Amino acid sequence: RLVVSTPSDLSNNANLRAQVQPEHVLACLDSNSQLETRLAMAVAAPDLVHQKIATHAVSRPSSPAVLSVNGSTLTYKELTDQARYVQGVLSSLGIWPNDIVAAILPDGPASVPVMLGTSGCCAYAPINRNVPASEFVRALGRLRPKAVFCERSMADVVSMHGITPLIVKEIGCGQVEIEGYDRSVALGSMLCPPDPGQIALILQT
C-alpha cells in the first residue's frame, strides 16, 4: 500500500517512522513543483509483481528478466532501474494513480519497463501501433490520457490532441531513453509498487 505524508508528518510521528524502512522511501518531490512537497513511502506488498521483480533485483540482480529474439538480455537489476526511470518521468509530469497513460510502441523488450513502471504509478493503456490513424485518434478520445509513450513519428499526432508525447528510443534490449529526461529523475532506491486496488491495465478491444 502507498502511504503519502508530508516530511513534517514523518518527523513528528514516531509510530509512522517505526513502520517505514529507509529502503521504502521512494521520493520527495521538488519543492518548486506545483504539487505540495510530499514524501512517498511504500510498505512492501509481496504479492505484487512489482515487489517480486524488486526482490529479484536484490537477490539475483544479474539474472535475465527479459530475453530478446536475438539472444540479448535485460537483467532484473536493469529492468528495475529502467522502470524506476519511467516512474520518475511520470512523477515529474504530476501523474497520479487515477490518471491514464497510453503507449503506442513496437512489440519488443522496450515495452516491458514502460509497462512495469507506468502500472506502478497509474493505469497503463497500450494501443496497437498497427491500427489505422483514425482508430488511434478515437482511442485517444476514449482514454483521454495524460501522456502517451510513442516513437518520434507519432509525437506530432499526440501533441495535436493536447496530450504530452513521451518519445521513447530503445538503446539496447529493454534499455530505453525518453527524450528530454535524463536518468536523474529515477525515483528512490526501489521500484514503486501500485496500490493493489488501483487499475493497472486498460486494454482496447
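1. Glutamine 82 first. Leaving aside neighbours within four places in sequence, glutamine 82 is in contact (heavy atoms within 4.5 Å) with Pro113, Gly174, Gln175, Val176 and Arg183. Glutamine 82 sits in helix α4. Glutamine 82 counts as buried because its relative accessibility is 3%; buried means under 20% relative accessible area, exposed over 50%, and partly exposed in between, with a 1.4 Å probe and protein chains only.

2. Ground rules. This is a predicted model, where local features need pLDDT of at least 70 and side-chain atom pairs count only at pLDDT 80 or more, while totals for chains, interfaces and linings use all residues. Residues are numbered from 1 along each chain as its sequence is written, and side-chain values use heavy atoms, with hydrogens and water left out.

3. Overall make-up. The protein chain has seven helices and 10 strands. Helices (H or I, at least four residues) and strands (E, at least two) are DSSP runs, numbered from the N terminus. Of the 205 residues of the protein chain, 42% count as buried. Among contacts in the protein chain with a separation of 6 or more, 61% come from residues 24 or more positions apart. The accessible surface of the protein chain is about 10,800 Å², by the Shrake-Rupley method with a 1.4 Å probe. Carbon and sulfur atoms hold 53% of that surface.

4. α4 against α5. Two packed helices are described by the angle between their axes and the distance between the axes. The axes of α4 (residues 76-92) and α5 (residues 111-119) come within 8 Å and cross at roughly 55°. That makes α4 oblique to α5. Axes are lines fitted to C-alpha atoms, for helices over the stretch in contact, and angles run from 0 to 180 degrees between N-to-C directions. Angles under 35 degrees count as roughly parallel, over 145 as roughly antiparallel, 65 to 115 as roughly perpendicular and the rest as oblique. The crossing of α4 and α5 is right-handed. A crossing is right-handed if the near helix is turned clockwise from the far one by less than a right angle, and left-handed if anticlockwise.

5. Residues at that contact. From α4 come Leu79, Gln82, Ala83, Val86, Gln87 and Leu90. From α5 come Val112, Pro113, Val114, Leu116, Gly117 and Thr118. By class, the contact of α4 with α5 has eight nonpolar, four polar and no charged residues. Here Ala, Val, Leu, Ile, Met, Phe, Trp, Tyr, Cys and Pro count as nonpolar, Asp, Glu, Lys and Arg as charged, and the others, Gly among them, as polar.

6. What covers α5? In α5, Pro113, Val114, Leu116, Gly117, Thr118 and Ser119 are buried. Their cover includes α3 (49-59), α4, β6 (100-104), β7 (123-126) and β8 (147-150).

7. α3 against α4. The axes of α3 and α4 come within 8 Å and cross at roughly 130°. α3 and α4 are therefore oblique to each other. Their crossing is left-handed. Ile53, Ala54, His56 and Ala57 of α3 meet Tyr76, Lys77, Leu79 and Thr80 of α4. The contact of α3 with α4 divides into five nonpolar, two polar and one charged residues.

8. Tyrosine 76. Tyrosine 76 lies in α4. Tyrosine 76 counts as buried because its relative accessibility is 15%. Leaving aside neighbours within four places in sequence, tyrosine 76 is in contact with Ile53, His56, Ala57, Arg60, Pro61, Ser63, Pro64 and Ala65. The C-alpha atoms of tyrosine 76 and proline 61 are separated by 5.3 Å, and these residues are 15 apart along the chain.

9. Alanine 123. Alanine 123 is in strand β7. Alanine 123 is buried, with a relative accessible area of 4%. Not counting residues up to four places away in sequence, alanine 123 touches Pro97, Asp99, Ile100, Val101, Thr118, Gln198, Ile199, Ala200 and Ile202. Glutamine 198 is 75 residues from alanine 123 along the chain, and their C-alpha atoms are separated by 7.7 Å.

10. Two loop residues. Is arginine 144 buried or exposed? Arginine 144 counts as exposed, at 68% relative accessibility. Arginine 144 lies in the loop between α6 (133-143) and β8. Most residues other than glycine have a negative phi. Phi of arginine 144 is positive, near 50°. Glycine 94 lies in the loop between α4 and β6. Glycine 94 counts as partly exposed, at 21% relative accessibility. Glycine 94 and lysine 146 are 52 residues apart in sequence and 9.3 Å apart in space, C-alpha to C-alpha.
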